[in-house]
Each structure stands twice: as structure tokens, then as C-alpha cells.
Amino acid sequence: MLNTYDVIVVGAGHAGCEAAAAAANLGSNTLLITMNMNAIAQMSCNPAMGGVAKGQIVREIDALGGYSGIVSDESAIQFKMLNRSKGPAMWSTRTQNDRMLFSHIWRIKLEKTKNLDFWQDMVTELIIQKNKCLGVKTQMGIEFYSKSVILTNGTFLNGKIHIGEQNFNGGRMGDKHSSGITEQLCSYGLESGRMKTGTPPRVDGRTLDYSKMEVQNGDETPSKFSFSNTKPLAKQKCCYITYTNEDVHEILKTGFEQSPMYSGRIQGLGPRYCPSIEDKIVRFSQRDRHQLFIEPEGWDTVEIYVNGFSTSLPKDVQYNAMRLIPGFENAKMFRPGYAIEYDFFQPTQLNNTLETKAIENLYFAGQINGTTGYEEAAGQGLMAGINAHQKNNEKIPFILKRDQAYIGVLIDDLITKGTTEPYRMFTSRAEYRILLRQDNADIRLTPLSYNIGLANDDMIKKVEEKELSVEKIISAFENISLNPEEVNGYLEEQNSSQIKQKVKAATVVTRPNISIQEIYKRSKKISETIEMFSTEIMESAEILMKYEGYIVREKEVADKMQRLENIKIYDNLDYKKLSSLSAEAVEKLTKIKPTTIGQASRISGISASDISVLIIHMGR
């Protein structure tokens with residue numbers, strides 16, 4: 001057993017797994033320390049990956065050489081592309097997953113990763129000298145030394161579980177919490193806070209009456225997350241929808257006095273966009289019902305996840321209310337829902353590499369930074385793993401900009417604005433979302449990852465082939481004309497005006513509701529000129545033709561804003577000496593220490609005049 005490593009990763013959740021894999025695959029000798037080897041990449045909450053904006057993050061992780069997309073595909077039981085009725089910037093991939101299979105595949109992937117060792121233990125202390133992290137100490141009294149340490153502690157830092165008036169220490173149900181690290185970091189001046197999240201009851205699917213629920217099937221032609229050779233689902237499991245009602249709400253209200261959230265026993269703020277059922281009843285009192293998604297936990301288990309019924313009410317209140325839900329009249333509970341309160345650190349205390357400003361060589365990723373969700377955690381973990389390796393080897397940091405990736409938006413939001421509630425990614429947070437589509441994540445990011453040695457030759461070859469194929473399709477459609485008799489029948493079906501003379505195929509494809517694949521089938525000249533490519537490649541070409549003007553304009557705006565990103569701010573600039581800055585600007589800039597004018601401009605409370613002062617001071 002070694003006791004010295006290049007990178008030590010603490011915690012084997014979604015952030016920790018991606019961090020360890022990235023560092024090891026780049027060549028760093030890496031140690032992954034976890035309290036429970038049987039809970040690697042545990043889906044602690046819902047058995048699903050992706051969703052609105054989150055699906056884009058998983059695709060970006062895959063494009064960069066991470067494993068989340070591959071594991072999601074190989075453990076999926078249902079696939080859906082969300083927001084198909086909207087523009088392609090809003091399309092988001094989502095899978096229902098087999099919880100146990102997901103964890104198993106992740107463990108196998110990690111065990112097959114070179115340069116990666118494992119140790120089961122609890123880290124209780126960091127080894128810090130002269131504000132530099134040199135390693136960790138464990139509960140067993142072992143000291144491991146390293147050039148970098150990445151903390152991905154999830155909900156385990158002083159975690160406390162609440163069910164009604166009961167509360168007890170725990171990182172999640174069945175696992176003990178971690179103590180000591182928060183207190184040590186606070187002694188070095190880092191600011192910590194408390195957050196809360198929750199999870200719903202798990203029930204026995206054999207006791208549910210699905211005939212009283214709405215069936216939710218997966219896509220007829222399922223796609224996938226990964227750009228690699230993972231296979232789309234050949235069969236899928238159904239999910240279901242049912243609803244609460246006023247009787248359910250009345251039962252739940254009887255437990256409000258014992259609710260830890262309303263009694264004040266929970267101090268941490270919960271996720272605004274994923275509220276508990278009791279919170280929904282209070283906040284949306286005008287509604288007489290709330291939607292519940294009934295999600296299977298896997299291929300071979302009867303366990304069911306009741307999505308939308310997250311609660312920390314007393315277990316008997318949960319049970320009695322649940323049995324009034326249509327289809328749940330005879331339901332048996334495997335375990336009740338609960339809330340968990342845990343420590344996090346304000347992410348404005350991080351550099352854009354996710355290294356802490358106060359302690360050199362110490363990185364944070366995941367819920368320790370105030371985020372919520374597997375996908376946000378995994379994206380941070382990947383970036384922390386890459387940047388720990390880069391710094392150890394005196395290479396330039398790997399930073400994704402806001403116009404390059406949702407991961408770039410995520411990290412910039414965290415380090416610039418901070419968060420007072422669990423941060424969740426939405427497409428609305430990205431000002432360049434037309435550029436950050438799920439279909440082009442590989443084209444955006446794989447070349448960047450290949451340049452640092454993470455993406456492999458096969459990945460870059462696939463990207464190059466895709467770009468050539470897309471160019472070939474667009475060229476054919478821009479140069480070949482369509483005759484009225486070829487397409488007018490199809491145009492009429494789509495309520496689109498018919499053509500009266502020959503027109504270029506590209507101009508017809510730009511119309512709403514007109515499919516590039518349908519035009520391909522009807523034009524003999526096009527089908528003779530180019531082969532039929534995969535659905536994904538055809539869609540990529542169609543998007544570029546339909547939205548060319550919007551894409552060009554958004555790129556111009558991004559390039560213009562990039563000029564501010566290129567103006568660096570001096571290290572240790574004393575903002576108090578700039579008399580023209582507002583008092584609020586001095587306070588915020590001193591605390592956050594932005595590295596560029598662009599980052600400074602996104603800090604809440606910084607005005608345009610403050611930015612002008614900074615630009616002049618920097619000699620521009």
C-alpha cells in the first residue's frame with residue numbers, strides 16, 4: 001500500500017468518481033478514499049440521469065472523456081428526449097436508471113482505470129502546512145500524502161437526518177456522517193453554511209395498482225447520452241403518473257407541527273426547484289393536487305421511487321397520506337422519506353479551477369460547493385480532477401468559458417455569484433444556450449480535452465468524421481435544387497406553402513416542421529449524392545441550416561464579451577485605493593477577487609461605472 005500519491009479524492013459519489021477517473025486517466029497516481037466501497041456512485045435520491053440542462057452537462061462530461069454518459073447508457077431502463085416540441089437549444093436527454101446496476105458499472109469502470117487505488121475509511125482531518133494541503137488523515141490513524149486533495153463529501157459533512165421529530169447523524173440513510181473537516185477548514189478562515197435536501201419514501205411496487213395511473217413510456221426510438229459506441233435501449237420499462245388530492249393534503253397538514261422544516265429544527269435552506277410535498281402544499285395552496293412520477297428502481301427490483309413526494313414529516317403521517325393517493329390504497333413502504341441537513345462552503349472562496357483560495361492544492365467539487373444534482377456534481381468533479389493534474393504537472397489550468405459549456409456556466413456562477421440555496425442548472429442560466437446544444441457537445445469540447453490528453457484518439461476521430469459528414473450534408477442541400485413534384489405533397493402535409501419552381505433544398509429545410517430526413521427521402525438527386533447518415537448527424541446538419549442566423553449572432557455577442565474576459569485583473573489589487581469605485585463594489589471585489597474584468601462584471605452589485613473604473617485602471 002502506497003502512502004504518497006499525486007491526487008487524493010475524498011468521497012466516491014458522482015463528483016468523486018469523475019474526479020478520480022479524470023486525474024488517473026491523465027496519468028496522475030490517484031487514491032480514491034470512500035467510507036463504503038459498496039456505495040460507489042450511489043444514486044442517493046432519484047434513479048435518473050439528465051433532464052433539462054442537466055442532460056447537456058452529462059453529454060459534455062462524455063465529450064470531455066468522463067464516464068457518466070457511458071454508465072448512464074449502460075444502466076438505463078428508459079430513455080426520453082425532453083422538450084422536443086421546443087427549439088434544439090432546449091432539447092435535453094434524460095434516462096431512468098437501474099440504481100444498483102449504475103453503481104456496479106461505475107465501480108467496474110474505476111477498477112479498470114490505470115493509476116487508481118482505493119481505500120475504505122473516513123477522512124477526519126487534512127494535513128495542512130503553511131496554508132498548503134499535503135494530504136489527509138483517516139479515522140484509522142493512517143496518513144496519506146499527496147500533491148493535491150479533492151474534497152467531494154456530498155451530504156456527509158456533519159450530516160443530520162430528520163424524520164418528523166426524530167433526528168440522528170448520518171450522511172444518508174444507513175451511512176454515518178463525517179465530522180472534523182468543516183471545523184478544521186473554518187479555522188483556516190473558510191466560510192461554511194448549512195443546506196438541506198430531501199428524498200421521498202420508497203415503496204413496494206407489488207402493492208401498487210397501476211391501472212389507476214397514467215402510463216409514461218420512453219421514446220419510440222431511444223437515443224443515448226454517450227458519443228461512444230454504447231447501444232440505445234432495445235426494451236424499456238414504463239414509468240407512471242398519479243396525483244395527490246385534497247384528502248392527501250389534509251392528512252399531511254396534521255404533521256406540520258412535527259415537521260422539522262416548520263418547527264425550526266432544520267436551519268439549512270432546501271432546493272427551491274425541488275420542494276418537499278409539505279412545502280408545495282404551503283407555497284401552492286391554490287392547487288388541489290400535485291403530480292407524482294412513479295419510477296422503477298431497476299430491471300429486477302420491485303422497489304419504487306415516488307418522485308414529487310419528498311418529505312420529512314413523521315413516518316405515520318407519510319404512510320397514512322400516501323395510501324390516499326390513487327393507486328396507493330394498499331401500498332407498503334420500504335422506508336420513509338427524510339430530510340438531510342449538511343455543511344457546505346460558499347463557492348466564492350474558490351478559483352475557477354475549483355482550488356480553494358485560502359489553502360493551496362485543496363479542491364472542492366459537488367455538494368460541498370452548494371450545488372444539487374448528480375450531473376452538476378459530476379461536472380465539477382471532472383474539472384477538479386483535470387485541474388489538480390494540470391497544476392501538479394505545471395500545466396495551464398483547464399477552464400471552460402460560458403460560451404463553451406454548461407459546465408463553464410455552472411462553475412462561473414458558483415465562484416462569481418455564490419449561492420444561498422442548493423444550485424441547480426437550468427437552460428435559462430446560460431446566455432449562449434443556442435451555442436451550448438446537446439447535439440454539439442462533442443464538437444465543442446472533445447478537441448479541447450484531446451489537447452490535454454484526456455480524450456483519446458477514437459474520440460477525436462469520431463468528431464472529425466462527424467464534422468465532415470455534417471459539412472457534406474449541408475453542401476449537398478445548399479447546391480441541389482428540389483422540384484415542386486418532389487416535395488409539394490410533403491409540404492402540404494406539414495401545412496407549409498408549396499413551391500412553384502425549383503428551389504435550393506436548404507431553403508426548404510429552414511422552414512418550421514420540415515425534416516431534413518423527409519426531404520432526403522424525396523429527392524433522388526440528394527440521395528444519390530450523399531448517403532443517409534445517422535439520425536444524430538442528420539439532425540446536427542438540420543440545426544445548423546435552420547438556425548444559422550441565430551448561431552452566428554450569438555457567437556458574435558460571445559466574442560464581443562470575450563474581450564472583457566481577456567482583460568486580466570492584477571493579483572492582490574487593493575480596491576480600496578480606487579476612490580471612484582462604489583463602496584459595494586469595493587466590498588464585493590475584495591471578497592470574491594475576480595481574475596478578469598468579465599468575471600467582475602457578473603458579480604451581483606457591480607455597476608457598469610464600476611467596470612469602467614476597473615478598465616481604465618488596467619490601462620485600457
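## A walk from cavity to aromatic pairs

The lining of the largest cavity is made up of four nonpolar, two polar and three charged residues; here Ala, Val, Leu, Ile, Met, Phe, Trp, Tyr, Cys and Pro are nonpolar, Asp, Glu, Lys and Arg charged, and the others, Gly among them, polar. You are looking at a predicted model, in which local features need pLDDT of at least 70, side-chain atom pairs count only at pLDDT 80 or more, and totals for chains, interfaces and linings use all residues. Residues are numbered from 1 along each chain as its sequence is written, and side-chain values use heavy atoms, with hydrogens and water left out.

**Stop 1: the cavity.** Select Asp-73, Ala-76, Phe-79, Thr-95, Ser-223, Lys-224, Lys-231, Pro-232 and Leu-233 to see the lining. The space inside is about 40 Å³. A cavity is a set of points on a 1 Å grid over the protein atoms alone where a 1.4 Å probe fits but cannot get out, and lining residues have an atom within 4 Å of a point. Grid points are joined across faces, edges and corners, and the volume is the space filled by probe spheres set on the points. The model has three cavities of 30 Å³ or more.

**Stop 2: strand β5.** Now select residues 92-97: five of the six are buried, so this strand is largely enclosed by the rest of the structure. Buried means under 20% relative accessible area, exposed over 50%, and partly exposed in between (1.4 Å probe, protein chains only). Strands are DSSP runs of E, at least two residues long, numbered from the N terminus.

Ala-76 has Asn-97 of β5 as its bridge partner. On to β3 (residues 48-50), antiparallel to β5 over three bridges, where Gly-50 faces Arg-94.

**Stop 3: aromatic pairs.** There are five aromatic pairs in total. Rings of Phe, Tyr and Trp (its six-membered ring) pair if their centres lie within 6.5 Å; planes under 30 degrees apart are stacked, over 60 edge-to-face, and the rest tilted. Pick Trp-119 and Phe-144, an edge-to-face pair at 6.0 Å centre to centre and 65 degrees between the planes. Trp-119 sits in β6 and Phe-144 in β9, so the pair ties together parts 25 residues apart in sequence. Trp-119 is partly exposed at 21%, while Phe-144 is buried at 1%.

Finish with Phe-345 and Phe-364, a tilted pair at 5.5 Å and 45 degrees.

How values were computed:
On a 1 Å grid over the protein atoms alone, a cavity is a set of points where a 1.4 Å probe fits but cannot get out, and a pocket is an open set with protein on both sides within 12 Å along at least five of seven lines; lining residues have an atom within 4 Å of a point. Helices (H or I, at least four residues) and strands (E, at least two) are DSSP runs, numbered from the N terminus. Two strands pair if DSSP finds at least two bridges between them.
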